[in-house]
Amino acid sequence: MEKLFAYYEYLHAHPELSKQEAQTCAYLMDTLEKMGYQPKRAGQYGVYADLQVDASLPWVMLRSDMDALPVTEETGVPYASQNPGVMHACGHDSHMAMLLTAAEMLQGKTLPQNIRFLFQPAEEGVTGAKEMVEAGVIPANTAAVFGMHVWPGVEKGKVLAKVGPLMASPTTIQIRVKGLGAHCGIRERGNDALMTMAQILVRSKEAESLSNGDGTILFFGKLHSGTSHNIVASEAYMNGTLRTYYPETREKVLAKLEAIVAETAAVYGTEAEVIYSSFAPAVINPEELTKRVQKLLPNVLTDIAPTRIAEDFSCYQEHAPGVLMWLGVGDTPSLHNGKFLPPRDVLPVGVDTWLRLAQHKW
Ligand SMILES: [Zn+2]
Ligand SMILES: [Zn+2]
């Protein structure tokens, strides 16, 4: 483990934003080569290295993310970011360091299956996993894919492996309303886009309520409309997000929202449309594989309320049995905060977890 902190501190000091991970990619390639691996590139900046024991055996893929965030670091550590305004505020530096160290320690070991170490870029853009899947990084005969994320608020040094929903699927939503402008004194000559949108915003709660308290939220954080206090607004725009754990709920809520938008526009004589896109499914850990992980790990936690934060690890779960775990870092500042730093003594726990997972027959 002696190189763990050297890897960590280098990566922490050299953060790169999603889709710009050129130096990180080069560092990973170089470091893996020095260990004796023959790493390969996937997509733009993805990297993977294989420990192939026997071509006839199944594969296990261990995944780390790579990207940093547009956050100014405020930790004051000597190895702080050398890239102003960019910081590893989501702990992906620790993820890479832990996986690199595991790769190093497993080199030369006789394992019960083949292992692929995958370093995935652009998690924060929630597109990197899709890019990796499309680049074909999941071997045909894959028994399991594992991911691990450092997580504030979970007991320090514990590993959470929870069956079922863990992280939400995000759908971004834009609503546009087109009306007809008019002087407020003769407002009956206009079609009020602002009033239409205000009604849609209030009625959106009816759509959210169809989730029957399964954790879904339909949230709007931005609304823009109108040009002056005395003019009927001719346009309105609103942006929001839907976070769901179940595809059926997503469909129901979106269908209701579309109906509300159409009905409200009809009442005010305006035109309205809903535009939405979804980046990743929810992270849902499968029961059987997750329970096997729970049995294997000594310091495991099994239950927690799912978060509405998203993770594109779910893209791998669409193609192979996969479990995303959280590595507890205790009471630290939040992820994506300029003061976030995982306690150092947690990192060896992550390495140990990778070693146990890699050496177990799945
Ligand atoms: Zn993040
Ligand atoms: Zn993250």
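Two strands count as paired when DSSP finds at least two bridges between them. Keep that in mind as you explore this predicted model.

**Stop 1: the sheet.** Show the strands. You will find an open sheet of eight strands with mixed pairing, in the order β1-β2-β4-β3-β5-β16-β6-β15. Now colour β1 (40–42) and β15 (300–301): these stand at the edges, and each has a single partner strand, so one side of each has no neighbour in the sheet.

**Stop 2: one pair of strands.** Select residues 159–160, strand β6, together with residues 322–330, strand β16. The two strands run antiparallel and are joined by two bridges. Which residue of β16 is the bridge partner of Leu160? Look for Trp326.

**Stop 3: a helix on the sheet.** Next, select residues 347–359, helix α9. This helix packs on the sheet and touches β3 (59–65), β4 (114–120), β5 (142–152), β6 and β16. The directions of α9 and β3 make an angle of about 160 degrees.

**Stop 4: two helices crossing.** The axes of α3 and α9 come within 9 Å and cross at roughly 50 degrees, and the crossing is right-handed. Show side chains at the contact: from α3, pick residues including Ala97, Met98 and Met105, and from α9, residues including Val351, Trp354 and Leu355. The residues of this contact divide into eleven nonpolar, three polar and no charged.

**Stop 5: zoom out.** Colour the chain by domain: domain 1 is 2–163 + 286–359, and domain 2 is 168–278. Their C-alpha centres lie 38 Å apart. Five residues from domain 1 and seven residues from domain 2 make the contact.

Conventions:
Residues numbered from 1 in each chain as written. Chains lettered and ligands numbered in written order. Predicted model: local features only at pLDDT ≥ 70, side-chain atom pairs only at ≥ 80, totals over all residues. Domains from an automatic or database assignment. Contact = placed C-beta atoms within 7 Å. Helix = DSSP H or I, 4+ residues; strand = E, 2+ residues; numbered from the N terminus. Axes fitted to C-alpha atoms, helices over the stretch in contact; angles between N-to-C directions. Left-handed = near helix turned anticlockwise from the far one by under 90°. Nonpolar A, V, L, I, M, F, W, Y, C, P; charged D, E, K, R; others polar.
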